[in-house]
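This report concerns the overall fold of a chain and the surroundings of one of its strands. Please examine the sequence and model shown here.

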Amino acid sequence: ETIQDYCYDEAAFDYHDRAYIPLQVADAPEQPLRIPEILKPDQETATDVYYTITAQTGAVQLLPGKKTATWGYNGPLLGKTVIFKDGQTVHIHYINDLPEVTTFHWHGLAIPGPIEDGGCHAPVYPGQTRDVEFTIHQPAAFVWLHAHPCPATAEQVWHGLAGGAIVQDQHEAQLPLPRNYGVDDIPVILQDRRFHEDNQWDYRQDYDPDGILGPTPMINGTINPYFDVTTQKVRLRFLNGANRREWRLHFSDDLPFTQIAGDLSLLPKPLKMTKLMLTCAERAEIIVDFGSYRPGDEVVLYSDDTPLLRFKIHEFKPDHAALPNVLFETPNPAVAPEMPIHYVTLDGMDEAVAMNGKKFKMDRIDYQMPMHKVQLWDIENTNHAPGMIHPYHMHGTGFVTVARDGHAPNPNELGLKDTIAINPGEHVLLKVWFDVPGVFMYHCHILEHEDGGMMAQLKVVDPKNPNKQYQLMDHMTL
Ligand code: C2O
Ligand code: CU
Ligand code: CU
């Protein structure tokens with residue numbers, strides 16, 4: 001059975017917004033898709049790895065004519081791909097070479113908060129540095145790094161502060177899946193921008209409190225990209241790195257593809273599909289089998305009706321090996337009987353967005369939860385139809401999706417996730433637990449909603465150190 005539907009409420013798709021900006025192919029020559037290099041460690045031992053990550057300004061030739069002023073990590077735009085290995089201890093030296101304060105948030109890593117996690121309580125001021133250390137204990141996944149200063153996350157990500165990271169583990173490593181990075185295993189970071197005079201971006205001018213949009217697709221920081229296919233099967237690691245936009249992905253000829261992973265793990269079983277919707281911050285790994293094409297053919301990836309990325313088919317060795325039928329066993333720990341359901345509401349639109357009726361406050365802890373206890377969380381989108389879909393995200397953990405309004409979750413939501421799309425009026429039930437202590441944010445991942453206050457934070461209490469105090473920022477001066 002092939003899934004041929006985007007699974008969410010069509011009436012709430014972003015193209016119904018009054019302020020929606022449709023995608024349009026840029027008037028520019030095609031370019032090879034930029035594949036971010038793998039970030040080289042400063043040092044690596046059997047147990048530890050050391051990285052330096054610099055947030056910097058730069059300029060990139062995105063369109064013919066003037067270069068676009070951009071921000072990036074260890075380069076002018078976006079980041080290099082960071083490799084993390086399950087069990088490894090990671091030491092990172094951050095450098096802020098930007099003209100304003102930033103933070104370095106690992107979206108999807110289950111590491112202590114708020115400092116290692118890198119949300120708004122871990123500022124690095126201009127010209128300053130910060131060192132963090134954490135150990136990776138989680139399944140193979142595609143996660144990401146992005147800026148998270150309050151309330152300028154949206155603007156800094158728009159400038160380019162986002163990059164992918166691959167978590168590797170021994171289980172995934174022994175499955176027969178493509179993993180030759182840059183050849184048959186590529187990140188595909190989906191973003192959109194508006195180019196103003198002299199090819200510059202202007203966040204303030206394009207600002208929309210429900211999320212900024214631009215007409216031009218930008219994939220891995222490339223405009224009008226193509227990719228040379230030299231193997232029959234290619235693994236695409238999609239990341240919706242847009243501030244606001246939903247991507248409704250499908251290929252020319254309705255070519256079916258196989259989703260193998262969601263945000264934070266492989267799926268239990270591979271899923272054949274022809275359509276895939278990703279809301280902000282969600283990831284999906286798919287395998288595309290180009291076996292029915294010949295050299296010279298072109299296969300196009302679209303969002304709605306706009307081409308995003310062209311796959312140019314070259315000679316390849318036939319590879320008819322079947323994918324494994326079973327990929328992953330999703331953990332399903334029992335809910336702690338003493339923990340009542342915790343309710344979260346995503347409220348309002350525009351400047352009035354809030355969570356549980358309140359706007360985010362940096363020095364207010366909204367909830368406390370003991371470490372390792374499993375609890376059901378009920379997330380409700382209180383915008384009624386035809387309101388918008390909110391992508392709900394939690395720091396510091398991966399959750400299990402239990403139900404959507406009492407029904408089974410979508411079939412591609414059965415692995416671990418950290419971001420889940422909530423339809424207008426819908427309740428989504430999650431199983432939530434934390435294996436690391438600290439203060440963590442949870443919020444809508446439409447970045448302007450997050451900056452606008454549709455966000456809260458919880459304290460995860462380690463029973464071995466229940467009185468640990470965290471120093472919380474009360475504001476940030478940009
Ligand atoms: Cu992508 Cu608060 O994070
Ligand atoms: Cu996050
Ligand atoms: Cu939202």
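## Basis of the model

This is a predicted model, in which local features need pLDDT of at least 70 and side-chain atom pairs count only at pLDDT 80 or more, while totals for chains, interfaces and linings use all residues. Residues are numbered from 1 along each chain as its sequence is written, and chains are lettered from A and ligands numbered from 1 in the order in which they are written.

## The chain as a whole

The chain contains four helices and 31 strands; these are DSSP runs numbered from the N terminus, helices being H or I of at least four residues and strands E of at least two. Its C-alpha atoms occupy a box of roughly 65 × 55 × 50 Å along the principal axes.

Of the 478 residues, 48% count as buried, that is, with 20 or more other C-beta atoms, placed from the backbone, within 10 Å of their own.

## Strand S30 and its partners

Strand S30 (residues 438-444) is mostly covered, with seven of its seven residues buried. Strand S26 (residues 390-394) runs antiparallel to S30 and is joined to it by three bridges; strands pair if DSSP finds at least two bridges between them. S30 also pairs with strand S31 (residues 455-461) in the antiparallel sense, over six bridges.

Key:
A residue is buried if 20 or more other C-beta atoms lie within 10 Å of its own, exposed if 12 or fewer, and partly exposed in between; C-beta atoms are placed from the backbone.
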